[in-house]
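Good morning. I was asked to walk through one structure today, and I will keep it short. Please have a look at the model before I start.

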Amino acid sequence: MSDDERGLGFMLVVVAGGLIFGFGLAVSNMARPEVVLDFLQFDDLGLVFVMGGAAVVTGTVFALAEAFGDRAPLTGRDYGRRLKSFDKNVVVGGVVFGAGWGISGICPGAAYASLGVGNYPILIAIGGMFVGAYLQGLWRARRTESAVTGTSAD
């Protein structure tokens, strides 16, 4: 199912999921950078329980969905794992993501939820995320173009 074939019902479920996610981050105080920074410095391990609880709920839902159905209800696609190769881009991306998380004290999902709890200075970090993603897109396009023409872009 392409993005163009997804209907209003699909989009409403996506919005509802985002609302639940953001509400959960706000209730658990994970939308506050100081709480996340305390976790990263091993002063407050509450984030472990939030993430662990989320993993248990998600794992349970996926296990039940696979047990009682063979296709995803909204997309009609078969259930299955999306396997991605473990290459240097995964490592470099993880390091860069982790550095940004440590510097700003917030990950992308929590940054948006942080706006909902009145943390408007987080807009600076969100702007940085957009600029970083844009620069990475330019870099990838340049590498792809170089690969086609046979020149080196690194």
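This is a predicted model: local features need pLDDT of at least 70, side-chain atom pairs count only at pLDDT 80 or more; totals for chains, interfaces and linings use all residues.

Let's begin with the core. The largest nonpolar core has 14 residues. The members that touch the most other members are Leu25, Met30, Leu47, Trp101, Ile106, Ala111 and Ile122. As for where the core residues come from, helix H2, residues 33–40, helix H5, residues 108–116, and helix H6, residues 122–149, each give two or more. As background, in soluble globular proteins nonpolar side chains tend to be buried together.

Take Leu25 as an example. What does Leu25 contact, once neighbours within four places in sequence are set aside? The list is Met30, Ala31, Gly109, Ala110 and Ala113.

The largest pocket has a volume of about 700 Å³. It is lined by 26 residues, and Gly93, Val96, Phe97, Gly132 and Ala133 are the closest to its centre. Two or more lining residues come from each of helix H4, which is 88–104, H5 and H6. Which element gives the largest share of this lining? That is H6, with 11 residues. Sorted by class, the lining of the largest pocket holds 15 nonpolar, seven polar and four charged residues.

The second largest pocket holds about 430 Å³ of space. Its lining includes Phe10, Thr58, Val61, Phe62 and Ala65, and also Arg77, Asp78 and Tyr79. Helix H3, residues 46–68, gives the most to this lining, with four residues. By class, the lining of the second largest pocket has eight nonpolar, two polar and two charged residues.

Asp78 brings us to the salt bridges. How many salt bridges are there? The count is two. One joins the side chains of Arg71 and Asp78, at 3.0 Å from N to O. Asp78, which also lines the second largest pocket, counts as exposed because its relative accessibility is 53%, and the cut-off for exposed is over 50%. Arg71 is at 44%, so Arg71 counts as partly exposed.

Another salt bridge links the side chains of Glu34 and Arg32, with 2.8 Å from N to O. Here Glu34 is partly exposed at 39% relative accessibility, and Arg32 is partly exposed at 35%.

Finally, two single residues. Ser114 sits in helix H5. Is Ser114 buried or exposed? Its relative accessibility is 0%, so Ser114 counts as buried. Leaving out residues up to four places away in sequence, Ser114 touches Ala31, Pro33, Asn119 and Ile122.

Val117 lies in the loop between H5 and H6. With a relative accessible area of 44%, Val117 is partly exposed. Val117 touches Ala26 and Ala31, again not counting residues up to four places away in sequence. Ala31 is also on the contact lists of Leu25 and Ser114. Where is Phe23 relative to Val117? The two are 94 residues apart along the chain, and their C-alpha atoms are separated by 9.6 Å.

That is the end of my part.

How values were computed. Residues are numbered from 1 along each chain as its sequence is written. Side-chain values use heavy atoms; hydrogens and water are left out. A nonpolar core is a set of buried Ala, Val, Leu, Ile, Met, Phe, Trp, Tyr and Cys residues joined through side-chain atoms within 4.5 Å. Buried means under 20% relative accessible area, exposed over 50%, partly exposed in between (1.4 Å probe, protein chains only). Contact means heavy atoms within 4.5 Å. On a 1 Å grid over the protein atoms alone, a cavity is a set of points where a 1.4 Å probe fits but cannot get out, and a pocket is an open set with protein on both sides within 12 Å along at least five of seven lines; lining residues have an atom within 4 Å of a point. Grid points are joined across faces, edges and corners, and a volume is the space filled by probe spheres set on the points. Ala, Val, Leu, Ile, Met, Phe, Trp, Tyr, Cys and Pro count as nonpolar, Asp, Glu, Lys and Arg as charged, and the others, Gly among them, as polar. A salt bridge is a side-chain nitrogen of Lys or Arg within 4 Å of a carboxyl oxygen of Asp or Glu.
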